[in-house]
Amino acid sequence: MMLVVGGAHSGKRTFVREKLGFAADDFVDAAQFAEGGVPAAFAGRVAYCAEELVRALDADRALERLIGFDVVILSLVGSGVVPMRAEDAQWRERAGRLGCALAARADVVVRMTCGIPRSSRETLMMRLEGRRARARLWKSSSCAMVPRRARKTIATAGRAPTSPVERGRARFARPRVLS
């Protein structure tokens, strides 16, 4: 399942239609499924307005109804003006919980901003892989107990900075006190 999230009118449906190749008749309003389950005719299609489903159901039951779809479109309703009525505040909280549960189950989470898609999970995984690689490098280096700033100072000690980057570092480096 793919989860596409974003603010109102951020290009979520256009992205699913144009970039993923779904037709206009593949889109189903998720609020229709509040009374019953998902009919077999709609399985494998696109459910939009998933946040409206939690007006009638709790987040767990709404999640069960949305699992059979290939793509689920969810508008982010948690930001903005805080609602005055308690029912609206509870709906926003249930919609947020549904979004968290869908994101946990989704293979790909795409966040739309101004019509630009960004895959959250890819970005996160790339960052985590980069951190793991840096951690492996840190553990395998011979000066693992020396802080990074000190390692750079030690590496350039005794010779003049040659590259522009090293000259900039030397220019703005803290003076070392030798004892």
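A: The second largest pocket has a lining of 17 residues, and L74, L76, G96, G99 and C100 are those nearest its centre. Lining residues have an atom within 4 Å of a point. Rolling a probe the size of a water molecule over the atoms shows where empty space is left.

Two or more lining residues come from each of β1, β4 (71–75), α3 (86–105) and β5 (108–113). The largest share belongs to α3, which gives six residues to the lining. Helices (H or I, at least four residues) and strands (E, at least two) are DSSP runs, numbered from the N terminus. The volume of this pocket is about 250 Å³, a volume being the space filled by probe spheres set on grid points that are joined across faces, edges and corners. By class, nine lining residues are nonpolar, six are polar and two are charged. Here Ala, Val, Leu, Ile, Met, Phe, Trp, Tyr, Cys and Pro count as nonpolar, Asp, Glu, Lys and Arg as charged, and the others, Gly among them, as polar.

The model is a predicted one, in which local features need pLDDT of at least 70 and side-chain atom pairs count only at pLDDT 80 or more, while totals for chains, interfaces and linings use all residues. Residues are numbered from 1 along each chain as its sequence is written, and side-chain values use heavy atoms, with hydrogens and water left out.

T113 belongs to strand β5 and is partly exposed, at 43% relative accessibility. Buried means under 20% relative accessible area, exposed over 50%, and partly exposed in between (1.4 Å probe, protein chains only). The C-alpha atom of T113 is 9.0 Å from that of V5, although 108 residues separate the two along the chain.

C114 is in the loop between β5 and β6 (116–119). This residue is exposed, because its relative accessibility is 73%. Its phi is positive, about 55°, although C114 is not a glycine.

C114 is also one of the residues that S10 touches; M112 and G115 are the others, if residues up to four places away in sequence are not counted. Contact means heavy atoms within 4.5 Å. S10 itself is in the loop between β1 (2–6) and α1 (12–18), and it counts as buried because its relative accessibility is 8%. A polar atom of the S10 side chain lies 2.9 Å from the backbone oxygen of G7.

Of its 179 residues, 28% are buried. Among contacts with a separation of 6 or more, 56% join residues 24 or more positions apart.

Notes
A polar contact is a pair of N or O atoms within 3.5 Å; within protein, one must be able to donate a hydrogen and the other to accept it, and residues adjacent in sequence count only if both atoms are side-chain atoms. On a 1 Å grid over the protein atoms alone, a cavity is a set of points where a 1.4 Å probe fits but cannot get out, and a pocket is an open set with protein on both sides within 12 Å along at least five of seven lines; lining residues have an atom within 4 Å of a point.
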